[in-house]
Amino acid sequence: MDNSPLQVLTVPTAPYPDQRPGTSGLRKKVYIFQSRRKYLHNYIQSIFSSIDLRDRQGSTVVVGGDGRFFNRTAVEVIVQMAAANGVGRMIIGHHGIMSTPAISCVIRKYKAIGGIILTASHNPGGPDGDFGIKFNTANGGPAKEAVTNKIFQISRTIEEFAICPGLQVDLTSLGKQMFDLENKFKPFSVEIVDSVESYANLLRNIFDFSALKELLSGENHIKIKLDAMHGVVGLYVRRILCEELGCPAHSAINCVPLEDFGGLHPDPNLTHAADLVESMRDGQYDFAAAFDGDGDRNMILGKHGFFVTPSDSVAVIADNIFCIPYFQQTGVRGFARSMPTSAALDRVAKATQIELYETPTGWKFFGNLMDAGRLSLCGEESFGTGGDHIREKDGLWAVLAWLSILASRRQSVEDILREHWLKYGRNYYTRYDYENIDIDAACEMMEDLEILIADKSFVKQRFAVEDKIYQVEKADNFEYTDPVDSSISRNQGLRIIFSDGSRIIYRLSGTGSQGATVRIYIDSYEKEQIFEDTQVMLAPLATIALKISQLHHRTGRSGPSVIT
């Protein structure tokens, strides 16, 4: 047996021009990573090179992914390159799998300099699907724009990468593995850890598990159904909800992580979780939830498939926040929502006199506020909700928050929402996604739209649809000045705000792997008519949104791909 130190190589390479990370890292089709020589290696080296060698040397880095196709291959390459780049210890989820919230938890617990998350979140998986790489920094949250810009700039000029090709790690065995390298960066260790335990322990310190167990398996327990959509969160649902809190095993479905998510689209919304919605209609279950591929997003349903919008979800949690023991101990420092998210949370913040922050889309903005001690609870309309226990949105945390409210109030999901609307009024809200649009057509439309709404004559314009009249009060391209570090984020979405508080927002999404996605968000506040059909109530604004943008004509699309 050869016990000589493992060789470290420096391999020449050439840059690729398209490795700019978006809101959630670098996402491409799997075949891009497979067919372009050293494409993966280039990007991983760019991540390591963005970290000063003095900080990198002997440091700890966490790695895990949602188990999608190409996950294991990427983990093996990352370990070999980490060793060659001076990292001292790698902490990896069992089989290379760990949810995004759990990775954030582990980064913080072990004081790692960061983590590499292998996921394309809610995008499809498999050989023909998507793959993604996201870098989270030492606070456990997504890297800030200055860091991702640095990674991109390095990727454009990269000439070589370092790798230890003979290093083979066993991802199937829990525990520590030691490796002897020929270079000065030694020793090098890899720890394969239980993907669930550290995160589960964190949740035990946030929620009242005895009250939740009584709700889910006590004498008068409710019946719930949880759909992991064959993503990573299935491991967490089985261990925490079923084994620890007593949910029957049959209440958890699609809990085996699969490389292609069973051929499904792991996006927890009414379109892609339609089977779960349908299974709720007969009233057999009191509560249901679905999760995305990497476990950071969630969808909440009540009996008969009653849908809770993510915007309403974070508002209800805010209004009932002291049902969660963690907040009884820490207090509430602030609320926040992304700009496209409905203003439902604003009304709770105003009533409770708690500071409310409106940020661009992207969890890194919330993380900055949390690190400064200004934020306790936040949410995005794209099915993301979370607290300051980690620096990522957290699907399972959101579900346990809702179950804590149900345990405390002993009402149905629908009754809780109806009481909330009676108290605060209702923000009718929807989002139209136009996916895989020609990038040039989408960009040209957005540019012309910005010119239109920036004209001074646009403000005060009136738009009439049937008996409804909307007058423009403000129109702009949303710009955010971070109250913590004074950094400025421009061009975050085109907003049209009407005199009654209704809003139309247009954004080009940065989380797709091909083409462009144009999103139109519509938000309308009603104090009296609070129990009507959402699409009916928002139809006039939807007509105006399409008229102003001429989207169907400009893109050749007759309708949205997804409505949420």
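**A short walk from sheet to helix pair**

Start by selecting residues 335–338 and 377–380: these are strands S15 and S17, which pair in the parallel sense over three bridges. Keep in mind as you look around that this is a predicted model. To see one of the pairings up close, pick Ala336, whose bridge partner in S17 is Cys378.

Now widen the selection to the whole sheet. S15 and S17 belong to an open sheet of four strands, ordered S16-S15-S17-S18, with mixed pairing. At the edges are S16 (356–359) and S18 (384–387), each of which pairs on one side only. From one strand to the next, the twist averages 15°.

Then turn to the loop between S17 and S18 and click on Ser382. Is Ser382 buried or exposed? Its relative accessible area is 9%, so it counts as buried, the cut-off being under 20%. Show Arg297 and Arg431 as well: Ser382 touches both, leaving aside residues up to four places away in sequence.

For the last stop, select helix H9 (residues 233–244) together with helix H15 (residues 395–409). Their axes come within 12 Å and cross at roughly 30°, which means that H9 is roughly parallel to H15. Display the side chains that make the contact: Tyr236, Val237, Ile240 and Leu241 from H9, with Leu396, Leu400 and Leu403 from H15. What classes of residue are in the contact of H9 with H15? Seven are nonpolar, with no polar and no charged residues.

Methods:
Residues are numbered from 1 along each chain as its sequence is written. This is a predicted model: local features need pLDDT of at least 70, side-chain atom pairs count only at pLDDT 80 or more; totals for chains, interfaces and linings use all residues. Side-chain values use heavy atoms; hydrogens and water are left out. Two strands pair if DSSP finds at least two bridges between them. Helices (H or I, at least four residues) and strands (E, at least two) are DSSP runs, numbered from the N terminus. Axes are lines fitted to C-alpha atoms, for helices over the stretch in contact, and angles run from 0 to 180 degrees between N-to-C directions. Buried means under 20% relative accessible area, exposed over 50%, partly exposed in between (1.4 Å probe, protein chains only). Contact means heavy atoms within 4.5 Å. Angles under 35 degrees count as roughly parallel, over 145 as roughly antiparallel, 65 to 115 as roughly perpendicular and the rest as oblique. Ala, Val, Leu, Ile, Met, Phe, Trp, Tyr, Cys and Pro count as nonpolar, Asp, Glu, Lys and Arg as charged, and the others, Gly among them, as polar.
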